[in-house]
Amino acid sequence: MDPEPGPSSSAGTDPPPPPGPSQPPPQLSRYEAQKRRDWNTFLQYLRNHKPPLTLARCSGAHVIEFLKYLDQFGKTKVHAAGCAFYGQPNPPASCACPLKQAWGSLDALIGRLRAAYEENGGAPDSNPFAARAVRIYLREVRDAQAKARGIPYEKIRKRKRGGDGGGGSASSSGAAAGGSSSSSAVAPAGEVSGGGASS
């Protein structure tokens, strides 16, 4: 009977430290890390907002305002209607049109923020990232960027369904119009918290 109490009392002091710190890092996937970074970026934006906003008072209009704010960190050239290259998928020269966030990047960002909102205790029916106004805004951005590059989204969808040889080129055109880099929307995370626009 003596050996049994001894090991259990000594084992009781050793096991607690290893399981705690070793488990969380391996479980955090790339998607989860990106989602956490996006969420922190949005919360920082709310804190820096004038006047400061709380998450409870955040609406779809504030989400749209956030997406417009992110445009200053964008890397996608979007031609204005008066530009000589408007409607050309591959313009031959550079122009003074602004760089913006690609539609695909914004769409992916909203998906991550919508999930993060509910994971952090927000109710699905009050989720500002799922607001109708946000969906309409994203659709308008998609259509405007498609027109600026001369890529109609309806035709791309039909080509994909057809399965003919043109399907591959159509999908690559869609990627070029929508969001060649989904990480570009996340890039400002450091910028927002740092408060600068170095790029």
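Guide: Let's start with Arg112, which counts as buried at 5% relative accessibility. Keep in mind that this is a predicted model, where local features need pLDDT of at least 70, side-chain atom pairs count only at pLDDT 80 or more, and totals for chains, interfaces and linings use all residues. Residues are numbered from 1 along each chain as its sequence is written, and side-chain values use heavy atoms, with hydrogens and water left out.

Visitor: How should I read "buried" or "exposed", and which is Asp38?

Guide: Buried means under 20% relative accessible area, exposed means over 50%, and partly exposed sits in between (1.4 Å probe, protein chains only). Asp38 is buried, at 2%.

Visitor: What joins the side chains of Asp38 and Arg112?

Guide: A salt bridge, with 2.4 Å from N to O. Asp38 belongs to helix 4 and Arg112 to helix 6, so this pair ties together parts that are 74 residues apart in sequence. As for the term, a salt bridge needs a side-chain nitrogen of Lys or Arg within 4 Å of a carboxyl oxygen of Asp or Glu.

Visitor: How many salt bridges does a search of the whole structure find?

Guide: Four. One of them pairs the side chains of Lys35 and Glu119, at 2.5 Å from N to O. Lys35 sits in helix 4 (residues 30–48) and Glu119 in helix 6 (residues 103–119), so that pair links parts 84 residues apart in sequence. Lys35 is buried at 3%, while Glu119 is exposed at 53%.

Visitor: Which salt bridge does Arg142 make?

Guide: The side chain of Arg142 meets that of Asp143, at 3.2 Å from N to O. Arg142 is buried at 13%, and Asp143 is partly exposed at 29%. Elsewhere, salt bridges with shared partners join Glu32, Lys35 and Glu119 into one network.

Visitor: How do I read a helix, and how many residues has helix 6?

Guide: Helices (H or I, at least four residues) and strands (E, at least two) are DSSP runs, numbered from the N terminus. The expected span of a helix is 1.5 Å times one less than its number of residues. Helix 6 has 17 residues and reaches 24 Å from first C-alpha to last, close to the expected 24 Å.

Visitor: Which residues in helix 6 are buried?

Guide: An α-helix has 3.6 residues a turn, so residues three or four places apart point the same way. Buried residues in helix 6 include Leu106, Leu109, Ile110, Leu113, Ala116 and Tyr117. Just after helix 6, Gly121 takes a positive phi of about 95°.
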